[in-house]
Amino acid sequence: MIINDTTKRSNLFSQLDVRQYMMIFALIGIWIVFTIASNGTFLLPRNMTNLFRQSVFTGIMAIGMVNVILLGQVDLSVGSLAGLCGGILAILNVWHGIPSGLAIIITLGVGILLGLWNGWWFAYRNVPAFIVTMAGLLIFRGVLVGITDGITIGPLSPFFGVIGKQFIPPIAGVVIGIIAIVGFIVIQLQQRRGKIMHNLPVSPFRNTLIIIIVFSCLVILFVMMLNAYHGIPNPVILLILLLLVFNYVTNRTVFGRRIYAIGGNTMASRLSGINIRKITLAVFMINGLMAAIAGIYLTARLDSASVNAGTNGELDAIAACVIGGASLMGGIGTVTGAIIGAVVMASIDNGMSLLNAPYFMQTIVKGLVLILAVWFDMSRKASEKR
């Protein structure tokens, strides 16, 4: 058999990024601690639903941010950008009566243009991204205060309740879960067959089977738990769709590979003919788009826009990416890891709120988790050099 001739045995964990496994183990550990400390309240379906909804805002921004971090840069303006886009959405819909769909399209366009603004200064005017985006943080927040007169704007049209608050029917959640499991199995088998056809080393089939079983169990638990309350929240479906799209873009397209190449070795990328400026500009535009989507979601969830919306969102997004395995030096990180990092951040917030911990304790704990994540990354790189 061809399979027997070409299959090379390897350790199960050698197939995947160890840092992502570490984050999953850390997430499970955090859930166990909070479940014990809250006498089981943490794992109740209602609380888990709230936890996943809390993850959406940071998760969407982390999807855009991880691409910027892959380039070896950071964007400090996305929190203010999300707040500004949410304010523009509310002004268009509430003050001017513009239909929901058109207001969303205009808001997304504003997000892309503001991302273009950041990217242009960095890529074509050589202003450091740190300075450009820090200026953007101040500018966008100032514009938000100016155009809203510093007041809260709401309520929005009922349509936005579908985006921010409602759930899909439980049966639809079951169907989506089945599709996810079948799709994952097909992808795993296709990847395995592709490696075998190109005479690349593959792990024993039992390893692939274990991965499929673990993933299937997680999907079943996820659907059952959320269906036990009201079903899967619509914003969680939105986050999953964005995860699938950008996971494909970063891993399966030339554009995605060039992002990794630039972050890994900028000089080699330039010598190989990659247009670094255009790729950088596109990445910042995508980041602006993600911030706009996050702003729309946040405004829809709160049914209003305020001048404080999105405050410190950029720090949560950066922390989620780093906790999820992205390297601030560039070239390393995944969209999936960033989402896991966002869930970790939301779990800390949610669990400590359940325990009635004061806000300052939440920020201290999140800061310590961030330091540990960076320390782990630096220690790994140091060990690789030795």
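What does the accessible surface of the chain come to, and what share of it belongs to carbon and sulfur atoms? I get about 18,800 Å², with 71% of it on carbon and sulfur. Areas here are Shrake-Rupley with a 1.4 Å probe, and for residues only the protein chains shown count as cover.

**Ground rules**

I note that this is a predicted model, where local features need pLDDT of at least 70 and side-chain atom pairs count only at pLDDT 80 or more, while totals for chains, interfaces and linings use all residues. Numbering runs from 1 along each chain as its sequence is written, and side-chain values use heavy atoms, with hydrogens and water left out.

**Whole chain**

I looked up the secondary structure and found 16 helices and zero strands. These are DSSP runs numbered from the N terminus (helices: H or I, at least four residues; strands: E, at least two). The radius of gyration is 21 Å, close to the 21 Å that the globule rule gives for 386 residues, so the chain is as compact as a globular protein of that length. For the record, that radius is over C-alpha atoms, and the rule is 2.2 Å times the number of residues to the power 0.38. I also have the C-alpha trace spanning about 70 × 55 × 40 Å along its principal axes.

Buried residues are 48% of the 386. My cut-offs are under 20% relative accessible area for buried, over 50% for exposed, and partly exposed in between (1.4 Å probe, protein chains only). Of the contacts with a separation of 6 or more, 80% are between residues 24 or more positions apart; a contact is heavy atoms within 4.5 Å.

I checked charges too: the mean positions of the 24 positive and 10 negative ones are 10 Å apart. Lys and Arg count as positive, Asp and Glu as negative, with His and the chain ends not counted. Each charge is placed at NZ of Lys, CZ of Arg, CG of Asp or CD of Glu.

**Cores**

Which residues have the most contacts inside the largest nonpolar core? They are I60, I63, M290 and C321, in a core of 83 residues. By core I mean buried Ala, Val, Leu, Ile, Met, Phe, Trp, Tyr and Cys residues joined through side-chain atoms within 4.5 Å. Helix 3 (residues 45–70) gives this core its largest share, 12 residues. Leaving aside neighbours within four places in sequence, I60 is in contact with L238, L239, L242, M290, I293 and A294.

**Helix 14**

I looked at residues 313–323 next. Nine of the 11 residues of helix 14 are buried, so the rest of the structure largely encloses this helix. Among the buried ones are G313, E314 and C321. Just after helix 14, G325 takes a positive phi of about 110 degrees.

Most residues other than glycine have a negative phi, and most peptide bonds are trans. I went looking for departures.

- N39 has phi near 55 degrees; it sits in the loop between helix 2 (18–37) and helix 3, and N39 is exposed at 74% relative accessible area.
- N356 has phi near 60 degrees; its loop runs between helix 15 (335–354) and helix 16 (359–385), and N356 is exposed at 69%.
- G154 and P155 are joined by a cis peptide bond, with omega about -5 degrees.

I stayed on P155 for a bit. P155 lies in the loop between helix 6 (129–148) and helix 7 (159–164), and is exposed at 58% relative accessible area. Not counting residues up to four places away in sequence, P155 touches V94 and D303. P155 and V132 are 23 residues apart in sequence and 34 Å apart in space, C-alpha to C-alpha.

**Two helix residues**

How exposed is N247, and what does it touch? N247, in helix 10 (residues 234–252), is partly exposed with a relative accessible area of 27%. N247 touches V335 and T336, leaving out residues up to four places away in sequence. From N247 to T334 I get 7.5 Å, C-alpha to C-alpha, across 87 residues of sequence.

I213 lies in helix 9 (residues 205–227) and is partly exposed at 45%. The C-alpha atoms of I213 and I185 are separated by 9.5 Å, with the two residues 28 apart along the chain.
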